[in-house]
Amino acid sequence: MSQTSIAGTTIAAIATAIVPQQGSVGIVRVSGTQAIAIARALFHAPGSQPWETHRILYGYIRHPQTQQLVDEALLLIMKAPRSYTREDVVEFHCHGGIIAVQQVLQLCVEQGARLAQPGEFTLRAFLNGRLDLTQAESIADLVGAKSPQAAQTALAGLQGKLAQPIRQLRVTCLDILAEIEARIDFEEDLPPLDEEAVKAQLEQVLAEVTRILATADRGELLRTGLKVAIVGRPNVGKSSLLNAWSRSDRAIVTDLPGTTRDVVESHLVVGGIPIQVLDTAGIRETADVVEKIGVERSRHAASHADLVLLTVDAQAGWTPDDEEIYLQVQHRPVILVINKMDLVAEDKLKLLQSKILSCEGGHRDGHRQDAHFAQNPKSKILTAAARNQGIDALEKAILAAVQSGDILAANLDLAINQRQAEALTRAQISLQQVQATIADRLPLDFWTIDLRGAIQALGEITGEEVTESVLDRIFSRFCIGK
């Protein structure tokens, strides 16, 4: 959407999720120069209620020509610049459902508003200086947050915790550029450039850019969640583990091997992190066509998971089939889950722990445990899924893997998105090139080339330097009413 098409127009949209027969309130939002005029044409407030900013009026929405009653509603008035968009904004708070809000929206359009495009309300807030680009993106993250931690990180961005350091870095780069250009233009009138001070400033800026850039993986984790695949031989308790973990009966559990034929999903939140758990079919060689398809899907799920829970049967111990499965998933972070510990006698359980958990190797039926296996998994957890035992330890192991950086870098205060990471990477490269230029003793003119590149990249993050196509790409991902 072009900025010229926004100026002077009034937009309208349904600002709440509309669910048939379930929503109690539906909101139609209108923003622009005609917003209050449209409200006066449609809304009738009985008595002497004052039409003042930041007041809520009670009344009726009627068709302006026929005076037919459309809905009993509330009207919220927010005059510029004290509104979300810094334009005149009105909101019709109607009864929920589909019909009422759609009729009100249609009346707004008939009175001169046009339907808002995705993210256009927030785009106007950005263009009118109420938000910077990082805050606008944080609003989208907040709306789509899948966990309390994701919401808190989005709120931190909305409060400027990303914009503030980025702006300061850009100001520092601008100050350095001004010092350099002053020496180029007025070399005879100014003292020599303090090269060591410039190098120290560049080093500090580069270190901060690198620190913020390290939060990109954390941001992706909070936005999309962690994909965890439960894999193992048939009948080792994978489905029981999923049911115990999700506290539901998502997967069918029987004593028959091969019961699970497809990938079963469940969504959980662990330590503020959204997790998509995939219970996969038991991996084995089979002639059954349907089961074979399930096994292939299991292998695919494991190969694309962020973390693999390799589940083995404590009764059977570590078998050649377990080893074969491990070899297929060892390129992913692995947690070894030794299930059915409640079915193993205490003395045998201690022996099993000494063989599999102590990294000493071991033998079973002449098969030697692979020595590298015991050291590769991030953790080794004992569970009795059928009795809901060991789930807390499993969750702690997953969080420990995340916090240690084994799965993704961890930073709870700040988390940048993919677009911001790309711009920061360009800034990082430009700053490194400036350092190389200084080290090569090239003239000051050469210093400014990459320094401007870093300033441009940092400005793109907050929106101080951004193209219309970038804005279109960002705001097209928003919902219509936001």
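## Cysteines

Cys-108 is buried, because its relative accessibility is 0%, and the cut-off for buried is under 20%. This is a predicted model. Cys-108 takes part in no disulfide. The nearest cysteine sulfur belongs to Cys-94 and is 8.5 Å away. A disulfide would need the two sulfur atoms within 2.5 Å. The count of disulfides comes to zero.

Cys-173 also has a relative accessibility of 0%, so Cys-173 counts as buried. Cys-173 is in contact with Leu-431.

## Nonpolar cores

The largest nonpolar core holds 32 residues. Which of them touch the most other members? They are Leu-424, Leu-431 and Leu-451. Helices H7 (163-185), H8 (195-213), H15 (418-439) and H16 are the elements that give two or more residues to this core.

Leu-431 has a list of contacts beyond its neighbours within four places in sequence. They are Cys-173, Leu-202, Val-205, Leu-206, Val-209, Leu-451 and Ala-454. A second core is separate and has 25 residues. Among them are Ala-12, Phe-43, Ile-61 and Leu-107.

## Glu-460 in helix H16

Helix H16 spans residues 444-462 and contains Glu-460. Is Glu-460 buried or exposed? Its relative accessibility is 18%, so Glu-460 counts as buried. The cut-off is under 20%.

The side chain of Glu-460 has a polar partner: the side chain of Arg-426, at 2.4 Å. Apart from neighbours within four places in sequence, Glu-460 is in contact with Leu-133, Arg-419, Arg-426 and Glu-465.

## Aromatic pairs and charges over rings

The whole structure has three aromatic pairs. One of them joins Phe-43 and Trp-51. Their ring centres are 6.3 Å apart and their planes meet at 75 degrees, so this pair is edge-to-face. Phe-43 is buried, because its relative accessible area is 2%. Trp-51 is buried as well, with a relative accessible area of 17%. The ring of Trp-51 also has a charge over it: the charged end of Arg-40 sits 4.4 Å from the ring centre.

Tyr-58 and Tyr-60 form another pair. Here the centres are 5.9 Å apart and the planes are at 65 degrees, so the geometry is edge-to-face. The cut-off for edge-to-face is over 60 degrees. Tyr-58 has 33% relative accessibility and counts as partly exposed. Tyr-60 is partly exposed too, with a relative accessible area of 28%. Arg-62 lies over the face of Tyr-60, at 5.9 Å from the ring centre.

## Backbone exceptions in loops

Most residues other than glycine have a negative phi, and most peptide bonds are trans. Where is the cis bond described here? It joins Ala-80 and Pro-81, with omega about 0 degrees. Pro-81 is in the loop between strand E5 (69-78) and strand E6 (89-95).

His-54 has a phi near 60 degrees, a positive value in a residue other than glycine. His-54 sits in the loop between strand E3 (43-44) and strand E4 (55-62). Its relative accessible area is 36%, so His-54 is partly exposed. Asn-235 has a positive phi near 65 degrees. The loop that holds Asn-235 runs between strand E8 (226-232) and helix H10 (238-246). Asn-235 is partly exposed, with a relative accessible area of 31%.

Helix H4 covers residues 120-127 and is mostly covered: seven of its eight residues are buried. The buried ones are Glu-120, Phe-121, Thr-122, Leu-123, Arg-124, Ala-125 and Phe-126. Just after H4, Gly-129 has a positive phi of about 85 degrees.

Helix H9 runs over residues 216-224. Which residues of H9 are buried? They are Ala-216, Arg-218, Gly-219, Leu-221 and Leu-222. An α-helix has 3.6 residues a turn, so residues three or four places apart point the same way. Just after H9 comes Gly-225, with a positive phi of about 90 degrees.

Methods
Residues are numbered from 1 along each chain as its sequence is written. This is a predicted model: local features need pLDDT of at least 70, side-chain atom pairs count only at pLDDT 80 or more; totals for chains, interfaces and linings use all residues. Side-chain values use heavy atoms; hydrogens and water are left out. Helices (H or I, at least four residues) and strands (E, at least two) are DSSP runs, numbered from the N terminus. Buried means under 20% relative accessible area, exposed over 50%, partly exposed in between (1.4 Å probe, protein chains only). A polar contact is a pair of N or O atoms within 3.5 Å; within protein, one must be able to donate a hydrogen and the other to accept it, and residues adjacent in sequence count only if both atoms are side-chain atoms. Contact means heavy atoms within 4.5 Å. A nonpolar core is a set of buried Ala, Val, Leu, Ile, Met, Phe, Trp, Tyr and Cys residues joined through side-chain atoms within 4.5 Å. Rings of Phe, Tyr and Trp (its six-membered ring) pair if their centres lie within 6.5 Å; planes under 30 degrees apart count as stacked, over 60 as edge-to-face and the rest as tilted. A charge sits over a ring if NZ of Lys or CZ of Arg is within 6 Å of the ring centre and within 35 degrees of the ring normal.
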